[in-house]
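Try each task yourself before you look at the solution.

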Amino acid sequence: MAFLTTFAHDTWVILNESAPYVLLGFFVAALVKTFVPDDFVVRHLGKESWSSVFKASILGVPLPLCSCGVIPAATGLRKQGASRGATTAFLISTPETGADSIAVTWALLDPVMTVMRPLAAFVTASVAGLLANVIPEKKSEAPAFETIFPMAEKPAPHTHDSHDNCSCSDSDAGCGCSSGCGCHSTTEEMKNTPLGKRFKGGMEFAFGEMLSDIGVWLLGGILVAGLIGALIPDGFFTEMLGGEWTSLLVMLVFGVPLYVCATASTPIAASLALKGLSPGAALVFLLAGPATNAATIAVVSRVLGKKAVSIYLGSIAVCSLGLGWLTNKIYASLGMDITSWVRETHIDEVTPFSIVCVVVLLALVFRSLRKKHVH
């Protein structure tokens with residue numbers, strides 16, 4: 001009974017802490033969709049240069065795509081002329097962070113981690129992209145969509161007129177994410193579409209497709225965080241993983257095969273930090289978990305080549321470990337204790353406003369699931 005009480009309490013508190021910032025993150029994602037046309041991204045990623053890699057890394061940081069939803073988006077960029085390095089960078093920086101996960105990081109962790117997370121995603125993606133550009137580029141087009149996803153439908157051309165909202169039917173090979181397609185808007189189309197209509201489309205994307213993609217994963221992550229709080233005693237990781245590099249390596253091994261989106265990984269990392277996990281090890285988990293899974297690795301191999309897979313995984317492993325070590329040093333130099341900071345945020349965070357946000361978030365998640373089930 002004590003376990004169930006603790007589990008329910010911790011889950012409820014984390015849900016109340018997260019909900020306002022999750023909704024804020026989705027709203028920012030809607031603004032990105034409203035004002036950033038898809039061809040803007042493509043125009044800047046075609047050259048095999050360090051600048052295209054850095055642009056891809058930067059552009060991927062705020063975009064709200066999970067590690068499975070980024071697959072069709074990155075494949076589309078590759079087919080439209082993006083370089084191997086830029087595509088690799090985009091595949092890493094996009095799922096490792098986003099507007100929604102940055103907001104939740106601020107809510108559940110602390111300001112240092114809120115800054116380090118997108119910065120680390122940018123560095124990791126840039127290193128991988130620059131190394132990928134070293135591989136000689138074959139003068140041939142990227143594989144057709146059907147050869148990458150043989151069980152998926154070929155993307156249908158989108159429609160866009162003055163009466164209907166744009167629509168698309170990109171498939172994602174059954175990985176459970178649809179936000180990778182969205183509606184492909186060009187700069188010219190944006191100019192000819194009223195702001196109100198674009199904003200409506202952005203809101204429908206963020207609180208429809210995107211929420212459908214990660215809503216269940218987010219709730220699952222919160223439940224896992226509640227279980228960690230109820231099952232694992234305080235100081236567990238300090239005692240069991242006392243060595244700095246031991247904890248970093250364990251989180252890397254734990255995070256690489258695990259499929260978890262950036263937003264859902266945040267409450268898990270916060271709960272692990274409360275139990276004594278070092279901030280650097282928490283960052284390793286936040287980087288490796290969202291960026292690596294079987295689907296992404298398979299696509300990297302098919303679209304970019306087997307050598308790119310080694311660069312992809314090696315860069316994530318080496319950079320996440322190095323940046324995790326650096327994060328521990330930053331916390332030590334600042335005299336900050338992430339455990340005490342996270343514990344403070346867990347006190348009296350249930351307010352009437354947070355409860356309203358929880359109700360709204362749950363209603364939107366269940367609404368998106370019902371729509372997905374109907375279709």
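**Exercise 1.** Find which residues of H6 meet which residues of H13 in this predicted model, and sort them by class.

*Solution.* Start with H6, where Asp 100, Ser 101, Val 104, Thr 105 and Leu 108 take part in the contact. On the H13 side, the partners are Ala 262, Thr 263, Thr 266, Pro 267 and Ala 270. Now sort them: the contact of H6 with H13 has five nonpolar, four polar and one charged residues.

**Exercise 2.** Work out whether H6 and H13 are roughly parallel or roughly antiparallel.

*Solution.* First locate the helices: H6 covers residues 99-108 and H13 covers residues 262-274. Their axes come within 8 Å and cross at roughly 15°. Angles under 35 degrees count as roughly parallel, so H6 and H13 are roughly parallel to each other. As for handedness, H6 passes H13 in a right-handed crossing.

**Exercise 3.** Describe two of the five aromatic pairs found in the whole structure.

*Solution.* Take Phe 54 and Phe 122: their pair is tilted, with 6.0 Å centre to centre and 45° between the planes. Phe 54 lies in helix H3 and Phe 122 in helix H7, so this pair ties together parts that are 68 residues apart in sequence. Next, Phe 254 and Phe 285 form a stacked pair, 5.7 Å centre to centre with 20° between the planes. Here the parts tied together are 31 residues apart in sequence, because Phe 254 lies in helix H12 and Phe 285 in helix H14.

Key
Residues are numbered from 1 along each chain as its sequence is written. This is a predicted model: local features need pLDDT of at least 70, side-chain atom pairs count only at pLDDT 80 or more; totals for chains, interfaces and linings use all residues. Side-chain values use heavy atoms; hydrogens and water are left out. Axes are lines fitted to C-alpha atoms, for helices over the stretch in contact, and angles run from 0 to 180 degrees between N-to-C directions. Helices (H or I, at least four residues) and strands (E, at least two) are DSSP runs, numbered from the N terminus. Angles under 35 degrees count as roughly parallel, over 145 as roughly antiparallel, 65 to 115 as roughly perpendicular and the rest as oblique. A crossing is left-handed if the near helix is turned anticlockwise from the far one by less than a right angle, and right-handed if clockwise. Contact means heavy atoms within 4.5 Å. Ala, Val, Leu, Ile, Met, Phe, Trp, Tyr, Cys and Pro count as nonpolar, Asp, Glu, Lys and Arg as charged, and the others, Gly among them, as polar. Rings of Phe, Tyr and Trp (its six-membered ring) pair if their centres lie within 6.5 Å; planes under 30 degrees apart count as stacked, over 60 as edge-to-face and the rest as tilted.
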